[in-house]
Number of protein chains: 2
Amino acid sequence: MSESRQVITVLRPADPESPHSIPPGLDQISDSAEVRLTDAEHIAGDIAGSDALFLWDFFSGALQEAWPAADRLKWIHVAAAGVDTLLFDELRASDVTVTNSQGIFDRPIAEWVLGAILAEAKDFHGNFRLKTTKTWDHRETTRVQGATAIVIGTGAIGREIARLLTSVGVNVTGAGRTARENDEDFGVVVASEDLEEHVGGYDIIVNAAPLTAATVGLIGATTLAAVKPGAHLINIGRGASVDENALITALREGPLGFASLDVFEEEPLPQDSALWELENVMIASHMSGDVHGWRDSLAELFIDNAQRWLDGKSLFNVVDKDRGYVPGKRSAS
Amino acid sequence: MSESRQVITVLRPADPESPHSIPPGLDQISDSAEVRLTDAEHIAGDIAGSDALFLWDFFSGALQEAWPAADRLKWIHVAAAGVDTLLFDELRASDVTVTNSQGIFDRPIAEWVLGAILAEAKDFHGNFRLKTTKTWDHRETTRVQGATAIVIGTGAIGREIARLLTSVGVNVTGAGRTARENDEDFGVVVASEDLEEHVGGYDIIVNAAPLTAATVGLIGATTLAAVKPGAHLINIGRGASVDENALITALREGPLGFASLDVFEEEPLPQDSALWELENVMIASHMSGDVHGWRDSLAELFIDNAQRWLDGKSLFNVVDKDRGYVPGKRSAS
């Protein structure tokens, strides 16, 4: 204990009244480290002298401004899978290690995607619309077994989606940084940069890619114009990977049939977004991975990593700051 | 051809303008049999002299009234899985063979059930409700992997549901005529008559039972009062297996959390049913098994069976008229 103790600073949400203001379990590391609680307003003062930073307030952009004061920071852990809102140039160029919360969200998000596919195929949206007018209307629905899907993003979340969809008989292809064959989860992976050429062959298009320079605007007007008529686009990655204006056009005028969206260019989705008024859209509030207990799981993962760090062991979930995600053994190529 | 030809009568819907008025493919048997088209109004005249009857209008109750005129009827094929609307006492007591369309609906219905489970777990219903007021509201959702489900009905549809739910990590138990263990698809099967004792142990309750004397009112007030708080009831069997008034009470006052209903005591569901107004209900219009192409599949199945019959071979899907369904090898006990 004493002067040799590492300082771990926790960036919490500004509202101290929030029930989620402080991550549970910090007592497990408070004997071996000095734990500082801070918020966006106070981070510039608290980051000085900090050895590690836990971004419990995971979408905060406060660090960038406070960066000059970070005089001995060695490690940042983020309570999210996507680190796009964190990575700024000075951090990329620094020796600071960044870890994320990969793994917590994989299965819940995969379940959400499968649910979205089935809800669209069985027209549950129609059921709820018809219920508002007490209308009985028999419609024919779609068989999901045998449908084709392309999953963009071959990281942990994309792989879990591929495995779950495959288990119910959907034929899944991947789209990733480089084309390849014989992938363990996808079989064939096409190059995301060639998405436009391939996208027309699939009933379902799932964006599960991290937001990086390569994936901003990846699904743009030409790709959306090339989809199979009636195709279903699902976005659980990041809003900025899809050109939202082009999406609205493709939903209004075709060829897109339906979109299930959990992420948006701007969140919360602005009141004046045309997406709210389109019948062929499902809107969720960036919650596809957030099953009951998710905050506890995130806190546990941080505590595990912090204990490894304090013990001088190697960290889990180290982000490649140039790529913007955790490179997996299986997704390396 | 000539006097030895069998007469096969097809009961079609009353509206001759309907695009589904005549089953496709009758030309495949019209050389080897005399095919008569009739409807509910004319069946009494046409059933006389008929050797076989195809209930293309599968919910019609017209046969019972015309029964005294059925002077040489040997076989009835129904374009549905449930034969509850067909089986009357004189038919049961007769030597007439009844076959149904078991198999066509299994997978589509299983997909519908899985979709209903995921839609409820991920609160898609909330998404659609919130969309009407353009409201962004992050909620925590439920993990389906590891949930428990009891599937009432261990016939072909119940088994396909069990297999599909198991494939995504739901722990499935069956409820059938007799309790047993080591069932190929369910593992444990409890006795449906003991449902009330068991039902409290499950997050999800699926009714996939045929409507028989044993399953009318099977899910009544006491069973509904015994469910796990927040449980999700899914009915794709028959409406009359659930006490609809007790269901409404359990949805309003608990303990039931949600109901996904494709079948009702009266169909179409009457305008004055309270179910239309409950937020925690999804209503579909008896369509869970009806994927694109279902009518063609039903017609093909009949033609296959008719060709077997004309060739003197044994028929597929023979209904046990006392039990009210096709006993499966695996569901026998």
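## A salt bridge across the interface

A:Lys122 pairs with B:Glu111 through a side-chain salt bridge, 2.9 Å from N to O. A salt bridge here is a side-chain nitrogen of Lys or Arg within 4 Å of a carboxyl oxygen of Asp or Glu. Between chain A and chain B the count is 6 salt bridges. B:Lys122 also belongs to a salt-bridge network, whose members include A:Arg107, A:Glu111, A:Arg159 and A:Asp183.

This is a predicted model: local features need pLDDT of at least 70 and side-chain atom pairs pLDDT 80 or more, while totals for chains, interfaces and linings use all residues. Residues are numbered from 1 along each chain as its sequence is written, chains are lettered from A in the order written, and side-chain values use heavy atoms, without hydrogens and water.

## The contact between chains A and B

Chain A brings 57 residues to the contact, and chain B brings 57 residues. Contact means heavy atoms within 4.5 Å. About 5200 Å² is buried between the two chains, 60% of it from carbon and sulfur atoms. Buried area is the accessible area (1.4 Å probe) lost on putting two parts together, summed over both. In chain A, the residues that lose the most area to chain B are A:Lys131, A:Lys134 and A:Trp136, together 17% of what that side buries.

Across this interface, 28 residue pairs are in polar contact, both residues at pLDDT 80 or more. The rule asks for N or O atoms within 3.5 Å; within protein, one must be able to donate a hydrogen and the other to accept it, and residues adjacent in sequence count only if both atoms are side-chain atoms. On the chain A side, H4(A) gives the most, with 9 residues. Helices (H or I, at least four residues) and strands (E, at least two) are DSSP runs, numbered from the N terminus.

## Salt bridges between loops of chain A

A:Asp51 and A:Lys74 meet in a salt bridge at 2.6 Å, N to O. A:Asp51 lies in the loop between H1 and S3 of chain A, and A:Lys74 in the loop between H2 and S4, so the pair ties together parts 23 residues apart in sequence. A:Asp51 is buried, at 3% relative accessible area. A:Lys74 is partly exposed, at 40%. The cut-offs are under 20% for buried, over 50% for exposed and in between for partly exposed (1.4 Å probe, protein chains only).

A:Asp203 and A:Lys228 form another salt bridge, with the closest N and O atoms 2.7 Å apart.
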